[in-house]
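Subject: Handover of a structure and the findings

Dear colleague,

Please find the structure below, followed by an account of what was found in it. I would be grateful if you read the account with the structure open beside you.

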Amino acid sequence: MLMKIMTFTAVSLVITALIALGLIVSDRPKRFTQSEESNGLSFESTVARGFDNVPEQVGIATENGWDMPVRRYGTQDATKPLLIMVHGSGWGGLQFNNIANSLSSDAYVIAPDLRGHGESPERRGDVDYIGQMEDDLAALIKAEALPDQQVILAGHSSGGGLVVRFAGGEHGALMDHAVLLAPFLKHNAPTTRTNSGGWAHAMTRRIIGLSMLNTFGITALNHLEIIQFNMPKAAREGKYGHLATLAYSYRLNTGFAPRMDYLTDIAALPKFTLIAGSEDEAFFADKYEELMSAVTDKGSYHIIDGESHLSVVDAAATEGLIKETFK
């Protein structure tokens, strides 16, 4: 009897693995057409904008052995908050340069390039394991925060999703306040438009196959790309195009968003400020409060009229709302 059970289990595992592998190999990266590029996020202002007063990027040695590339704005002062600004998918910390300079008189601001991103990552679009970016942020906080200093994590888009994930993970207690700028909550959250408004192409069958393998502890294929970003040619070939990351592996993408039970991560947030633009192309700005207030009463919600998914970062109202979080 035991032999029959073991045989049945082994056959079931083999069949499941074969199905998973079939799903994985049947879904391949795509090439965005010109019309698809025009229907994605509006990058006009991003492409046209230059950056002034850009601090030199330095590496901060962290306890997990990685020199995290960051830009520092302002000076460290225990009487001012430590504000770590977490960039969105496809870009890097430089996206915060303008607002970080503006906030630097009231806070010590750090804008890192997350692992797998930036000018010269070890492996673009990839990390070593799911959850590594949470560990990196925790290591950065421990390296830079002074005793009793207020710690604020501010994240835009997927960066906002990472902040939510951070709150629900083992390091959540390191954060005193969160600022969520049009955060990605999950692909199936009511706040998310189809394909994030044309920004993202997910290889759904490949994701399902890899998820099946991970259920059985098989992680050998987690380096495979499972999502691509629809960045217009003018942006990816422009002045800052070398900073773009156009695809993510399964393990990076999984760790760059709240967990499957995203409401539990949301419920774990400390006091937070959520800011989105009324013209956001990727998410439904007016659906955040209804969704999130059902599981937490710690949030304040703000929709800035006329701002898009990208432009909300540099909106004057955004700067003012972030300053209100400083003690």
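Does asparagine 195 count as buried, partly exposed or exposed? At 45% relative accessibility, asparagine 195 counts as partly exposed; here buried means under 20% relative accessible area, exposed over 50%, and partly exposed in between, with a 1.4 Å probe and protein chains only.

Two remarks on the basis of the account come next. This is a predicted model, in which local features need pLDDT of at least 70 and side-chain atom pairs count only at pLDDT 80 or more, while totals for chains, interfaces and linings use all residues. Residues are numbered from 1 along each chain as its sequence is written, and side-chain values use heavy atoms, with hydrogens and water left out.

Backbone angles in helix H7

Asparagine 195 is placed in helix H7, residues 195-198. Helices (H or I, at least four residues) and strands (E, at least two) are DSSP runs, numbered from the N terminus. Most residues other than glycine have a negative phi. Asparagine 195, although not a glycine, has a positive phi of about 55°. Serine 196 also has a positive phi, near 50°, and lies in helix H7. At 10% relative accessibility, serine 196 counts as buried.

Salt bridges

The structure holds 11 salt bridges, a salt bridge being a side-chain nitrogen of Lys or Arg within 4 Å of a carboxyl oxygen of Asp or Glu. One of them joins lysine 323 and aspartate 106, with 3.6 Å from N to O. Lysine 323 belongs to helix H13 (residues 316-323) and aspartate 106 to the loop between helix H4 (97-103) and S4, so this pair ties together parts that are 217 residues apart in sequence. Lysine 323 is partly exposed at 31%, and aspartate 106 is partly exposed at 32%.

A salt bridge also links arginine 251 with aspartate 126, their closest N and O atoms being 2.8 Å apart. Because arginine 251 lies in helix H10 (residues 250-255) and aspartate 126 in the loop between S4 and H5, the pair ties together parts that are 125 residues apart in sequence. Arginine 251 is buried, at 16% relative accessibility, and aspartate 126 is buried at 10%.

In the salt bridge between arginine 259 and aspartate 265, the closest N and O atoms are 3.1 Å apart. Arginine 259 is partly exposed, with a relative accessible area of 27%, whereas aspartate 265 is buried, with 3%.

Aspartate 128

Leaving aside neighbours within four places in sequence, aspartate 128 is in contact (heavy atoms within 4.5 Å) with Arg115, Arg123 and Arg251. The side chains of aspartate 128 and arginine 123 are joined by a polar contact of 2.8 Å. A polar contact is a pair of N or O atoms within 3.5 Å; within protein, one must be able to donate a hydrogen and the other to accept it, and residues adjacent in sequence count only if both atoms are side-chain atoms.

In soluble globular proteins, nonpolar side chains tend to be buried together. A nonpolar core is a set of buried Ala, Val, Leu, Ile, Met, Phe, Trp, Tyr and Cys residues joined through side-chain atoms within 4.5 Å. The largest such core has 68 residues, and those with the most contacts inside it are Ile84, Leu180, Leu269, Tyr288 and Met292. Apart from that core lies another, of 22 residues, among them Leu83, Ala100, Ala107 and Ile322. Not counting residues up to four places away in sequence, methionine 292 touches several residues, including Leu180, Ile266, Leu269 and Phe272.

Threonine 296 is located in the loop between helix H12 (288-292) and strand S11 (299-304). Threonine 296 is buried, with a relative accessible area of 9%. Beyond its neighbours within four places in sequence, threonine 296 is in contact with Ile266, Ala267 and Phe272. A polar atom of the threonine 296 side chain lies 3.1 Å from the backbone nitrogen of lysine 298.

Yours sincerely
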